[in-house]
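These are my notebook entries on one structure. I wrote them down in the order in which I looked things up.

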Amino acid sequence: MSRTWLISAAAAAALLIGLGGAQAADKKLVVGFSQIGSESGWRAAETKTAKTEAEKRGIDLKISDAQQKQENQIKAVRSFVAQGVDAIFIAPVVATGWDSVLKEAKEAKIPVVLLDRQIETRDPGLYMTAVTSDTVLEGRVAGEWLAKQTGGTCNVVELQGTVGSSPAINRKKGFDEVVAKNPGMKIVRTQSGDFTRAKGKEVMESFIKAENGGKGICAVYAHNDDMAVGAIQAIKEAGLKPGKDILVVSIDGVPDIFKAMAEGEANATVELTPNMAGPAFDALIAFKKDGKAPPKWIQTESALFTPDTAKAEYERRKDAY
Amino acid sequence: MTRSAPGPSRNLPQYGALAAVLLANWLLFPDFFSIRLQDGRLFGSLIDVLNRGAPVALLAIGMTMVIATRGVDLSVGAVMAISGAVAATLTQAGWGLAPVLAAALGAGLLCGLWNGLLVAVLRIQPIVATLILMVAGRGIAQLVTEGQIVTFTSPGLAFIGSGSFLTVPMPVVITAVLLGVTALLVRTTALGLMIEAVGVNRLSSAGAGVNTPVVLVAVYVWCGLCAAVAGLVVAADIRGADANNAGLWLELDAILAVVVGGTSLLGGRFGLLLSVVGALTIQAMNTGILLSGFKPEFNLIVKAGVLMVVLLLQSPTLTLFLPRPGPRPVRPPTPPRGKPESPSPSAGA
């Protein structure tokens, strides 16, 4: 009994000394992350990835969930400032109203990194950098894949996101650029599917009827994967083969679209990576090491995925989402 | 159907609106009425109207009776999300079809009971009472699904959304059955009369011996059940429960369907079939917009314009100036007494 006591006490002491030593040698970076909430699977994946990326680099990440409210985010930033963290990450829920709290962070000399969304401010010096995807590029990548796949001749139906939302506008813009370059490519129908599965299905049903039972459609381009999943069901119920009779290309890279690709029912997706924190950590570490300020906008990669890697990608992702 | 209706002329605006929208669709898209069989299932734009209109029609059935009691149920969209979330999550957990359906419908009944108790026993105004569940319900659904879209592959549950019975899509069959059962319940018994009485004057109907709290609770419970069925249909259709979007804003479409169907928000006389006609009118409009190829920016404007015309056609003031095919002008919108002239059960559907 007494011997086990002794051993464990010694072990604990050793551990304490070890920890203290490590801390003294190389102070662990502490980052506060004000996350919007967990309104979608993608958002949850972003939080999860941020945690694992922080662990990889030995960074102490404190996450505060704002539950969709800017006031909670502002409170969180203030408390991070009070705690004297080394950096603050914000995934801003809205674009405006950040100036005063960011000034407080700047006065405390704490660099701020925006994740996934930009803000509107008159003084861009208030934040160090923003890590976001290029949504126009996403649309372009999807369009270029389709142009290549069909030899530049294709009648496309388009499922738009929510009318007026910036990803819907930009993903349309990027795709339209490619269509303009290929005279054989045409968007024959375009409608909003509100980024949802149910609306995607309903709109695709009417597209199929409007275009001669789907015979006039060569491909469907959906602004997100969920609408594509709905469209796939509509194509199937019309007696056509999604992925063959009608090609399916979409954006986001959620697990369900990889499942559909593995089953041969979808053809390509452009990933909106949930790993926004990783590049932000790297920029931060570089900045702390030699004071080199990163560029104002760090674009994440908009990688295209096709069915040949779908099964492995699905297995890799299904737990992250 | 309205009880004192001597003939179809009284309901002409409702049927006329549906016919006009269908006709407009046909003009925009000549193949609108063409129907064929696809994998043993009817397939065509007209079928889409029925099939896609089913969820709002289901909601409208329950909502009609709530509105007839001079109430309103804002929570039906959220209840749809809860029912779908429960069904999908339990299916994923390996439950069989029967317990899954029982749990989903049970959740709807429970939500209805909650609303009913708030309105009938605590006497909270319906719009406020049901607002609670409208807000909280979606949160509950998100808790059940943990904020994700829960997808399932169970063919049994999917059948409810995309299967067919004698070539008719299941959502349409389910709506017809629920409409029939509801009509039987309220029109072959005194229940319908009591609902109208409560809506016209709660105090005096209580004085006349109507157990008003029981009638009110029953109406909200039935509305919750209808919403749960609608939630099942929507979840089964996309083989997944989307707690963020399932049934979003559909409570407003349901109220609109009831109003387009001619039931007054002031309570009293109600028409179940007419509310379903109202729901189909709205859906016919939506489908027409999708087929027309307008830009999506115009969707809401076109919808609002058509609705305005439909509602103007029903305006008591305006109809006095319009030539009517029926023998009588529309009565002013005073609460009717609900006295049956022909209490045949067929008048109830």
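I started with a helix pair in chain B and listed its contacts: B:Leu185, B:Val186 and B:Arg187 in H7(B) meet B:Leu191, B:Gly192 and B:Ile195 in H8(B). I count two residues as in contact if their C-beta atoms, placed from the backbone, lie within 7 Å. Helices (H or I, at least four residues) and strands (E, at least two) are DSSP runs, numbered from the N terminus. The residues of this contact divide into four nonpolar, one polar and one charged. Here Ala, Val, Leu, Ile, Met, Phe, Trp, Tyr, Cys and Pro count as nonpolar, Asp, Glu, Lys and Arg as charged, and the others, Gly among them, as polar.

The model is predicted: local features need pLDDT of at least 70, side-chain atom pairs count only at pLDDT 80 or more, and totals for chains, interfaces and linings use all residues. Residues are numbered from 1 along each chain as its sequence is written, and chains are lettered from A and ligands numbered from 1 in the order in which they are written.

Next I looked up the geometry of the pair. The axes of H7(B) (residues 170–187) and H8(B) (residues 191–200) come within 5 Å and cross at roughly 80°. That makes H7(B) roughly perpendicular to H8(B). Axes are lines fitted to C-alpha atoms, for helices over the stretch in contact, and angles run from 0 to 180 degrees between N-to-C directions; 65 to 115 degrees counts as roughly perpendicular.

I then turned to the interface. I found 27 residues of chain A in contact with 27 residues of chain B. On the chain A side, helix H2 (41–56), strand E7 (185–192), helix H7 (197–210) and helix H8 (225–237) each supply at least two residues. H7(A) gives the largest share, nine residues. By type, the chain A side divides into seven nonpolar, ten polar and ten charged residues.

For chain A as a whole I noted eleven helices and twelve strands. Its C-alpha atoms fill a box of roughly 80 × 60 × 35 Å, taken along the principal axes. Of its 321 residues, 46% count as buried, that is, with 20 or more other C-beta atoms within 10 Å of their own, C-beta atoms being placed from the backbone. The domain assignment of chain A gives domain 1 (28–133 + 274–290) and domain 2 (135–272 + 306–317); such bounds come from an automatic or database assignment. The C-alpha centres of the two domains lie 32 Å apart.

Which order do the strands of the six-stranded open sheet take? I read E2-E1-E3-E4-E5-E11 in chain A, with parallel pairing. Strands pair if DSSP finds at least two bridges between them. E2(A) (60–65) and E11(A) (297–299) stand at the edges, each with a single partner strand, so one side of each has no neighbour in the sheet. The twist averages 20° from one strand to the next.

Technical notes: Angles under 35 degrees count as roughly parallel, over 145 as roughly antiparallel, 65 to 115 as roughly perpendicular and the rest as oblique. A residue is buried if 20 or more other C-beta atoms lie within 10 Å of its own, exposed if 12 or fewer, and partly exposed in between; C-beta atoms are placed from the backbone.
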